[in-house]
Amino acid sequence: MASGHALSRENDGNRQFQGLSLTTQKKVQDYFIKFGKASTRIAQIRWLDGSGQEVVRVDFTAGDAVVSQETSLQNKKTRYYFNQGIQVAAPKVYFSPIDLNVEHGEIVTPFEPSIRGTLQTSSETHLISGLLIVNYRLDSLLTTIRDHSIPEAQIYIASREGYWLLNSKPIKEWGFMLDQPQLNLKAESPDFWHYQNQHSDGGEYISDNVLSSFIPLATFLGGQTGVDTNQLLLYTNSNQRFLSQARTQSLFFAFILFLSLAISSLLIIWRGHRYQNKLIELSFKLSSEQQDLKRVNDSLTKNIARQQLLQDELVEANKLSSLGLMVAGIAHELNTPIGGAIICVSNADNTNNNLKKAMQEGLSKSQFSEAIDLMHSSLHLATVNLDKAVNHIKHFKRLAIDRVNEDYVECRLDDVVSDLVTSLRPLFKKSKVDLVEDIEANLALVSRPGIISQVLENLIVNSLNHGFIPGQPGIIEIKARRLDVNQISITVSDNGSGIPLVMQNNLFDPFVTSGRGKGNIGLGLYMVNQWVTKILAGKLSFISDQNGRDKFTTQFTVLLPVKSKVPEISNSHD
């Protein structure tokens, strides 16, 4: 309510200090009326200035709003809720204790139980400095609580000082407002009051064959004053016949319970004896089955060991197959430059023999110059071819060393990929598939380069064998990028036929292959996954869409840490 525009200081730019123009006063009254009609519990809305004088007041009765004229406005500076509420700075809200409504120094009759909420306003943000007060009527609530009482149990509510706010005898209520201190639980039952103070969290008390249950009931604790008085005590008192009936019922139920326990105990003993005999019988049977299970387990252990040995042999065969492929590729690559070098050296030797023969028979200057030029050209071509052979041998040497090296060393990814591509070039010469490199420069990492090379070889060969039919043109791309200071991404992509959807869920399982009829055993991608996750401490994933419209239909992604393991000795390649 306090945040409404009608109460804002911007709503009346021509107002005098602590005063409201008639137009603004009418807007505030209309705003209070609209707000108060939103709830039937609101009995009164007032706005008091700093001296306690009511500036605007609207009363609500049976849904009708009554605006107090200026002559009927009162000063509430002596009322406790004004003095306590004005001490609570906004935005905190003060809530008064529950009491009766008082007008012009007299208690309103019939009684109007009320609780007041107040919020302090300031002239910096509102039309006036003062206190907004909303009275909430509680007579309907107390009547509802009273209606929940039954002959067997009555509900009572008392203030923290022991005065009755709700009693089965209404004449005992509101003693503190009516100057009747004897209408107080402390005065009526001192022992109960003393027991209650010792049990602040609630409890039960028996007196004169009456069972009383009590519990503290906190109302609003938002204010900085009046907090203790806001706490109420909720009671329920039984009638005098209740405990007698309860004792009788308890004895009856105790007897029934004892009889049930006795019968249950006899049944349990009988069933226990029966089950014991059955357990003995089952124990003999279980012992026999355990012996059979042990024999089966021993047999399974041997079969698993044989299967593991077979799998290890298949993995080793896969490695040897890769090595054979690499050796064949290097041999093929060396054949051309070495053959060319032999031809060039042979031409130089023939030229040299011809030169010797000409020297014996008589050598002209032109013959000598021609022979020298021919030998120089032949030796130059021989040197070029031998340099090519040496370069291939260096790639092969580095690749071979990496494959057998089990240490974690610092390496450059472009060197690893370059060596691998050199060894695989003969394989791609037989097909129409192009192998493309796109490696970011200076990608250095500490890892096992031989395993990285093996992983990439398996992925590339897998794409070539399963993604393309013979004679089909295509592209296989190796791409590497640094994702951040701690991770490198390597992708092997192709635009082949893609991976069938039925195989994608278990693609990395052992012995899964779509080319078993071609002699494939299905360990390639399984070993790739094992190498990447177990040895290189990386992650392996793939995407494949056979009907995709992107450049590539299948892409394997290998995420590698820049440092898989800190090496004890840093090695470098020759």
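Strand 18 (residues 474-484) and strand 19 (residues 487-494) run antiparallel and pair over eight bridges. K479 faces T491 of strand 19 across this pairing. The model is predicted.

**Helix 8 meets helix 9**

Two packed helices are described by the angle between their axes and the distance between the axes. The axes of helix 8 (residues 413-429) and helix 9 (residues 449-467) come within 10 Å. They cross at roughly 35 degrees. The crossing is right-handed. On helix 8, the contact includes L413, V416, V417 and F428. On helix 9, P449, I452, S453 and E457 are among the contact residues. What kinds of residue make this contact? There are 13 nonpolar residues, one polar and one charged.

**Helix 11 and what follows**

Helix 11 (residues 524-535) has 12 residues. From first C-alpha to last it reaches 16 Å, close to the 16 Å expected at 1.5 Å a residue. Its buried residues are L525, Y526, M527, V528, N529, W531 and V532. Just after helix 11 comes A537, with a positive phi of about 55 degrees. A537 lies in the loop between helix 11 and strand 20.

Most residues other than glycine have a negative phi, and most peptide bonds are trans. The table lists some exceptions.

| Site | Feature | Angle |
|---|---|---|
| A90 and P91 | cis peptide bond | omega about 10 degrees |
| T109 and P110 | cis peptide bond | omega about -10 degrees |
| H104 | positive phi | phi near 55 degrees |
| A537 | positive phi | phi near 55 degrees |

P91 sits in the loop between helix 2 (80-85) and strand 4 (94-95). P110 is in the loop between strand 7 (106-107) and strand 8 (113-121). H104 belongs to the loop between strand 6 (102-103) and strand 7. Is H104 buried or exposed? Its relative accessibility is 62%, so H104 counts as exposed.

How values were computed
Residues numbered from 1 in each chain as written. Predicted model: local features only at pLDDT ≥ 70, side-chain atom pairs only at ≥ 80, totals over all residues. Heavy atoms only, no water. Axes fitted to C-alpha atoms, helices over the stretch in contact; angles between N-to-C directions. Helix = DSSP H or I, 4+ residues; strand = E, 2+ residues; numbered from the N terminus. Left-handed = near helix turned anticlockwise from the far one by under 90°. Contact = heavy atoms within 4.5 Å. Nonpolar A, V, L, I, M, F, W, Y, C, P; charged D, E, K, R; others polar. Expected span 1.5 Å × (residues − 1). Buried < 20%, exposed > 50% of the residue type's maximum accessible area, 1.4 Å probe, protein only. Pairing = 2+ DSSP bridges.
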